[in-house]
Amino acid sequence: MATNRTFTMIKPDAVESNSTGKIIDMIIEAGFTIKAMKLTHLNQSEAETFYAVHSERPFFGELVEYMTSGPIVAAVLEKDNAVADFRKLIGATDPAEAEDGTIRKLYAESKAKNAVHGSDSDENAEIESNFHFSGREMVG
Ligand code: CMP
């Protein structure tokens, strides 16, 4: 995949609090184009696989339980410098440390329930996009 795409999920806390539309609006206002998007609900095995890199972390069980607790919105986004620019838009993992105006500062509840996911590298953006979407579900 080109370096101009990233992958995001609007997480269960943000979907539950009806923040989905406002978050998507911020993403589009920031210059990202949506290349794929769906509302879905991860099951246990999907969440464990998606977060396998964190399987040894003490918060893994809590993370899987949370990510399977309700629907999420998964999306592939395109923009120059997508991975870095999107991480800037969402802010630090812990909303208490996130800058003013970032999505997590505005909408996240806590470090665990932090409203949105953003890929941390081009390589993971491709892996994560392919986990959720087939090639024909992505535009362009
Ligand atoms: P994200 O960066 O999208 O992917 C890993 C997730 O693990 C992170 O968001 C948080 O939702 C969660 N996470 C990270 N650190 C902690 C922590 N210390 N306690 C609970 N959950 C965490």
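Where is N114 found, in which loop? Hi everyone, let's start there: N114 belongs to the loop between helix 6 (103–107) and strand 4 (116–118), with helices (H or I, at least four residues) and strands (E, at least two) taken as DSSP runs numbered from the N terminus.

A quick word on the basis. This is a predicted model, where local features need pLDDT of at least 70 and side-chain atom pairs count only at pLDDT 80 or more, while totals for chains, interfaces and linings use all residues. Residues are numbered from 1 along each chain as its sequence is written, and side-chain values use heavy atoms, with hydrogens and water left out.

Back to N114. Because its relative accessibility is 3%, N114 counts as buried, a word for under 20% relative accessible area (1.4 Å probe, protein chains only). The N114 side chain also makes a polar contact with the side chain of K11, at 2.7 Å; that term is a pair of N or O atoms within 3.5 Å, and within protein one must be able to donate a hydrogen and the other to accept it, while residues adjacent in sequence count only if both atoms are side-chain atoms.

Now, the ligand. For H117, a polar side-chain atom is 2.8 Å from an oxygen of the ligand. Alone, the ligand exposes 460 Å², and the protein buries 81% of that, by the Shrake-Rupley method with a 1.4 Å probe.

Conventions
Buried means under 20% relative accessible area, exposed over 50%, partly exposed in between (1.4 Å probe, protein chains only).
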